[in-house]
Amino acid sequence: MPVPVVLFTSDLRLHDHPPLRAALEAADAVIPLFVRDDAVAAAGFAAPNRGAFLADCLADLDASLRERGGRLVVRSGDLVEEVCRVAGEAGADEVRMAAAHSRFATRREERLRRALEREGRRLLVHDAVTVAVPPGEVTPSSSDHFAVFTPYYRQWARAPLRAAVAAPRRVRVPDAVMGEPLPARGEVTGVSPALPAGGESEGRRRMTAYWRHGLDTYADTRDDLAADATSRLSAHLHFGTLSPVELVHRARRHGGPGAEALVRQLAWRDFHRQVLAARPGAARADYRTRHDRWRTGRTAEADIEAWKEGRTGYPVIDAAMRQLRHEGWMHNRARLLAASFLTKTLYVDWRVGAAHFLYWLVDGDVANNQLNWQWVAGTGTDTRPNRVLNPVTQARRYDPDGAYVRRWVPELEGVGAPAVHEPWKLPGPDRAALDYPDPVVGLAEGLERFRRARGRKDRP
Ligand SMILES: Cc1cc2nc3c(=O)[nH]c(=O)nc-3n(C[C@H](O)[C@H](O)[C@H](O)COP(=O)(O)OP(=O)(O)OC[C@H]3O[C@@H](n4cnc5c(N)ncnc54)[C@H](O)[C@@H]3O)c2cc1C
C-alpha cells in the first residue's frame with residue numbers, strides 16, 4: 001500500500017489535524033514531513049525569535065509522534081524538491097497539507113502541485129486547518145472579500161465550523177525514509193531574552209490554563225496593559241500548535257462575554273487572511289492609498305531609531321518597544337499605540353514599522369502584521385483612517401497606575417501616575433534627575449503635520 005506524505009507547515013500539531021487524520025484513515029502508515037524551506041529565509045521571513053520557537057515546535061511534534069510510535073522527518077532545502085524527493089523515497093501517491101493564504105504560500109503550493117503531478121502524484125490541500133473559516137467561504141454579494149470587519153464578522157459567526165478531530169493514537173512511519181537532525185533552539189542566536197517556549201504541549205497547557213483563569217475576564221481586561229491578561233496564544237496560532245477551529249469550538253462551549261470577545265478576535269485573524277488571500281499585494285502595497293508622502297531623510301531616520309530603541313520620550317511607546325525586544329511579543333493595545341505613533345505622530349511609512357515588528361515578533365505573520373499595520377496607518381480597512389491615538393490619554397486610560405510603563409522603563413521607576421505618562425511636565429529638578437529623553441516631537445506638532453499631509457490639496 002502506498003504511504004502518503006503529510007507535509008506540516010503552519011500546523012505543527014497532532015490535535016485537530018485533518019490532513020494527518022485523513023492520511024491515517026486511508027493508509028496504515030504515513031510520512032510526517034517538515035521542510036526547512038530555504039525560500040523562507042531568502043524572502044526575509046526567517047527571524048531569530050521565530051526560528052527558536054519553531055525549533056521547540058518541531059522537537060515537541062517529534063516527541064508526540066514518537067509517543068505514538070512514529071517520528072517527524074525533517075529535511076531542508078527547496079520545499080518542492082524535498083517533498084518530491086521524500087514522496088519518491090516513500091513511493092507515495094499523495095501528499096496532504098494545509099491551505100495557506102499568502103502569495104508566497106499559494107505560489108509554493110502551486111509549484112508543488114505541478115511538480116507532484118509530473119511524477120504522477122496528487123497534492124491534497126485541506127481548508128480550515130490554519131484558519132477557522134477559510135477565505136472565500138463568506139463573501140459579500142458585491143465583492144470577492146469583505147473590506148470591513150463588522151459585516152464580515154456577522155457572516156463569519158454564522159458560518160458552519162467543521163468538527164474538531166482527535167489526535168491519532170498511533171502513527172506508524174516506515175523506517176526507509178530518513179530525516180535530518182532536528183534544529184535546536186540553543187543554536188539560534190539573537191533571540192529575545194524572555195522568549196516563550198514553543199510547541200503543541202506548551203500551547204495546550206497555556207490554552208487550558210487560560211480557559212480556567214483568564215477567559216471569563218478577557219472582555220474586561222484585554223486592554224489593560226499592566227494586567228497582561230490576554231491569552232498569549234498568538235504564536236501558537238501562528239505556528240499552528242493550536243487549532244483555530246478547536247479554539248472557537250472550545251470558547252463557544254465555554255460561553256460568556258469573555259469567550260465571545262475572544263472568538264471575535266479570532267475572527268479578526270480570519271478577516272485579515274481573507275483580505276490577504278483576495279489582495280496578496282497588500283503585504284507590501286497600500287490596500288487603500290491615501291497618497292502619503294511619508295517622511296524620509298535624516299530627522300525621520302533619527303525618529304525611527306528612537307522609536308525602535310524605545311527612547312521616543314513617550315513612556316508608553318518606549319515601554320511597548322522595549323517589551324517587543326525583550327519578549328518577542330507586545331500587548332495588542334501597545335501595538336496599536338506604537339504603530340499609530342510611528343505612522344501618524346511621526347508620519348513614517350507603515351512598512352518601516354511592519355518590518356521591525358516582523359523581525360521581532362514571535363507571532364509575526366504577514367496577514368496579521370501587515371494588515372494590522374495598514375489598519376492603524378489608515379491605508380487598510382479601518383473605516384476611520386485618519387484617527388490618531390494620543391499616547392498620553394491612551395496611557396492614562398489603559399495604564400492608569402503606570403505599572404506597565406514602570407515595568408519596561410526603569411528610568412521612570414520612582415515616578416507615580418499620572419506624571420509617569422508625561423515626565424516632561426515634572427517640576428524642573430525632578431525632571432532633571434531623570435535619565436530619560438524629552439519627546440522626539442510635540443503631540444500637537446505631530447498631529448498638525450499628519451493632518452496637513454493627509455489633507456493636502458496637491459494629490460496626484
Ligand atoms: C500593528 C500591529 C501588528 C500586529 N501584528 C501581529 C502579528 O504579526 N501576528 C499576530 O498574530 N497578531 C498581530 N497583531 C494582532 C494582535 O496584536 C495580536 O494577535 C495579539 O496581541 C496577540 O496576543 P494574544 O494572543 O494575547 O491575543 P488575544 O487578545 O488573546 O487574542 C486571541 C487571538 O486572536 C487573534 N487576534 C487578536 N487580535 C487580533 C487582531 N487585531 N488581528 C488579528 N488577529 C488578532 C490572535 O491570533 C490572538 O492570539 C498585530 C496588531 C497590531 C496593532
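The legends below describe several close-up views of one predicted model.

Residues are numbered from 1 along each chain, following the sequence as it is written. Because the model is predicted, local features are given only where pLDDT is at least 70 and side-chain atom pairs count only at pLDDT 80 or more, while totals for chains, interfaces and linings use all residues.

View 1. The chain is divided into domain 1 (5-127), domain 2 (131-161 + 201-278) and domain 3 (298-455), with bounds that come from an automatic or database domain assignment. The C-alpha centres of domain 1 and domain 2 lie 25 Å apart.

View 2. Domain 2 and domain 3 both give residues to the shell around the ligand, so the ligand lies between them. Of the 28 residues around the ligand, Thr-230, Ser-231, Ser-234, Asn-369 and Asn-372 come nearest, and a residue is near a molecule or strand if its C-beta atom, placed from the backbone, lies within 6 Å of it. The elements that give two or more residues to this shell are helix 9, helix 11, helix 14 (332-345) and helix 16, and helix 11 gives the most, with 6 residues. Helices (H or I, at least four residues) and strands (E, at least two) are DSSP runs, numbered from the N terminus. By class, the shell divides into 11 nonpolar, 11 polar and 6 charged residues.

**View 3. The binding-site residues listed in UniProt.** In an unreviewed entry, UniProt places the feature "binding site" at Tyr-218, Thr-230, Ser-231, Arg-232, Leu-233, Ser-234, Asp-363, Gly-364 and Asp-365. These residues span 148 residues in sequence, and the farthest two C-alpha atoms are 23.3 Å apart, so they do not all gather at one spot. UniProt positions are given in the numbering used here, feature names are shortened, and annotations may be inferred rather than shown by experiment. Leu-233 is found in the loop between helix 8 (218-221) and helix 9 (234-239), and it counts as buried because it has 20 C-beta neighbours inside 10 Å. A residue is buried if 20 or more other C-beta atoms lie within 10 Å of its own, exposed if 12 or fewer, and partly exposed in between, with C-beta atoms placed from the backbone. Not counting residues up to four places away in sequence, Leu-233 touches Arg-206, Met-207 and Leu-242. Asp-365, in the loop between helix 15 (350-360) and helix 16 (366-377), is also buried, with 24 other C-beta atoms within 10 Å.

**View 4. Helix 10 and its buried side.** The buried residues of helix 10 (residues 244-254) are Pro-244, Val-245, Leu-247, Val-248 and Ala-251. They cover an arc of only 165° around the axis, which puts them on the same side of helix 10; the arc is that of the directions from the helix axis to the C-beta atoms. Helix 9 and helix 11 are among the parts that cover these buried residues. From helix 11 (residues 257-278), Val-263 is in contact with Val-248, Ala-251 and Arg-252, leaving aside its neighbours within four places in sequence. Just after helix 10, Gly-255 takes a positive phi of about 70°.

View 5. Most residues other than glycine have a negative phi, and most peptide bonds are trans. Asp-16, in the loop between strand 1 (5-8) and helix 1 (18-26), has a positive phi of about 45° although it is not a glycine, and it counts as buried with 24 C-beta neighbours inside 10 Å. His-291, which is not a glycine either, has a positive phi of about 55°, but this residue counts as exposed, with 12 C-beta neighbours inside 10 Å. A cis peptide bond, with omega about 0°, joins Ala-417 and Pro-418, and Pro-418 has its place in the loop between helix 18 (403-408) and helix 19 (428-432).

Notes. Contact = placed C-beta atoms within 7 Å. Nonpolar A, V, L, I, M, F, W, Y, C, P; charged D, E, K, R; others polar.
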